[in-house]
Amino acid sequence: MGRIGKYTMVGALFFAVFLIATIPATFVTNMVLDEKAPLKLYNVSGSVWSGKAGVMQLGDKQLQKFEWNLSALSLIFGTIKLDFSFKINKSTAVGTVGIAGFGSGAITIEDTKLDIKSDDVQSVLPIPEPLVLIGPLKVNIDEVEISEEMVPVYAQAQAQWRDSTAVIGDKQYDLGEFDLDAYSEDGKVFFTIKDLKKDDPIEAKLSSEISEDGTLLVSGLLGTRETANKQLAGFARMLLQGKQQKVVNYKGSIKEPEKILSGILTSK
């Protein structure tokens, strides 16, 4: 390629970047996000390059103060990559997300932190009523990759749940402290959940394994200790089919998240 051709290519690249930087964000949202789309943006301002939305509706979740900054370099390699931040009630999230194939491929979440306040935990964790859970939850995602089939294929993440509390009726019961770790090994993704203190009311030592095809295996121990309040222990036994402690042995699919919790509680 001659010198003129190189200059022409560089000029075309900068012109494309200029167009992206100056296109109003409202133009794209009006063109792409129709009434049937699962994602909707309201009160949009800024550009495609750097913008904000007062509200982002994602399925049944409503995010406030959603802001983004698009990476120019990633577009050259066919990836939509942006830094983001948003709020859910009093909770916050900040990080980076990338979608390969200009939005049609695998999803990568990097350097992301979620600070979930006590009262917002119930809206994040799939816990059956009438049980309500509160207590601050902090999540730190170094990197998580999700395939086009919506299966986690790589993970390095940690979460800490402190001052965890169950609300049953008008009373609150301490549950203890828990850690969650996610990591990858031999082409599989593993999650572990464990309680941190031997005298805490809830005993939870669970390990899960996710294969590339989405098969999910969960094993371990779940139940209450003698230190648990009687009402809390009774509610737990109801969920665990009359057992104070349950040996978990569950096989399912990560593609059916709505079945996982009930499957773990009823597994044999």
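User: Let's start with Trp 68: is this residue buried or exposed, and what is its relative accessible area?

Analyst: Bear in mind that this is a predicted model. Trp 68 is buried, with a relative accessible area of 9%; the cut-off for that label is under 20%. Its ring pairs with the ring of Phe 66, and the pair is tilted, at 5.8 Å centre to centre with 35° between the planes. Phe 66 also counts as buried, because its relative accessibility is 11%.

That's one of 4 aromatic pairs in the structure. Another joins Tyr 183 and Phe 190: the ring centres sit 5.5 Å apart and the planes are at 15°, so this one is stacked.

Now for the cores. The largest nonpolar core has 36 residues, and Leu 133, Trp 161, Leu 175, Val 248 and Tyr 250 are the ones with the most contacts inside it. At least two residues each come from a set of elements that includes strands S8 (137–146), S9 (152–168) and S10 (171–185), along with helices H6 (230–239) and H7 (260–266). S9 is the top contributor, with 6 residues. Apart from this core there's another, of 13 residues, and Phe 66 turns up there, as do Leu 41, Leu 63 and Leu 75.

Leaving aside neighbours within four places in sequence, its contacts include Val 121, Leu 125, Leu 133 and Ile 134, plus Leu 175 and Phe 178.

H6 shows how a helix packs here. Leu 232, Ala 233, Phe 235 and Ala 236 are its buried residues, and seen down the helix axis they fall within an arc of 160°, so they line one face of H6. S9, S10 and S13 are among the elements that cover those buried residues. On the face turned away from the buried side you'll find Lys 230 and Met 238, both exposed.

Just after the helix, Gln 241 takes a positive phi of about 60°.

Conventions: Residues are numbered from 1 along each chain as its sequence is written. This is a predicted model: local features need pLDDT of at least 70, side-chain atom pairs count only at pLDDT 80 or more; totals for chains, interfaces and linings use all residues. Side-chain values use heavy atoms; hydrogens and water are left out. A nonpolar core is a set of buried Ala, Val, Leu, Ile, Met, Phe, Trp, Tyr and Cys residues joined through side-chain atoms within 4.5 Å. Buried means under 20% relative accessible area, exposed over 50%, partly exposed in between (1.4 Å probe, protein chains only). Helices (H or I, at least four residues) and strands (E, at least two) are DSSP runs, numbered from the N terminus. Contact means heavy atoms within 4.5 Å. The arc is that of the directions from the helix axis to the C-beta atoms. Rings of Phe, Tyr and Trp (its six-membered ring) pair if their centres lie within 6.5 Å; planes under 30 degrees apart count as stacked, over 60 as edge-to-face and the rest as tilted.
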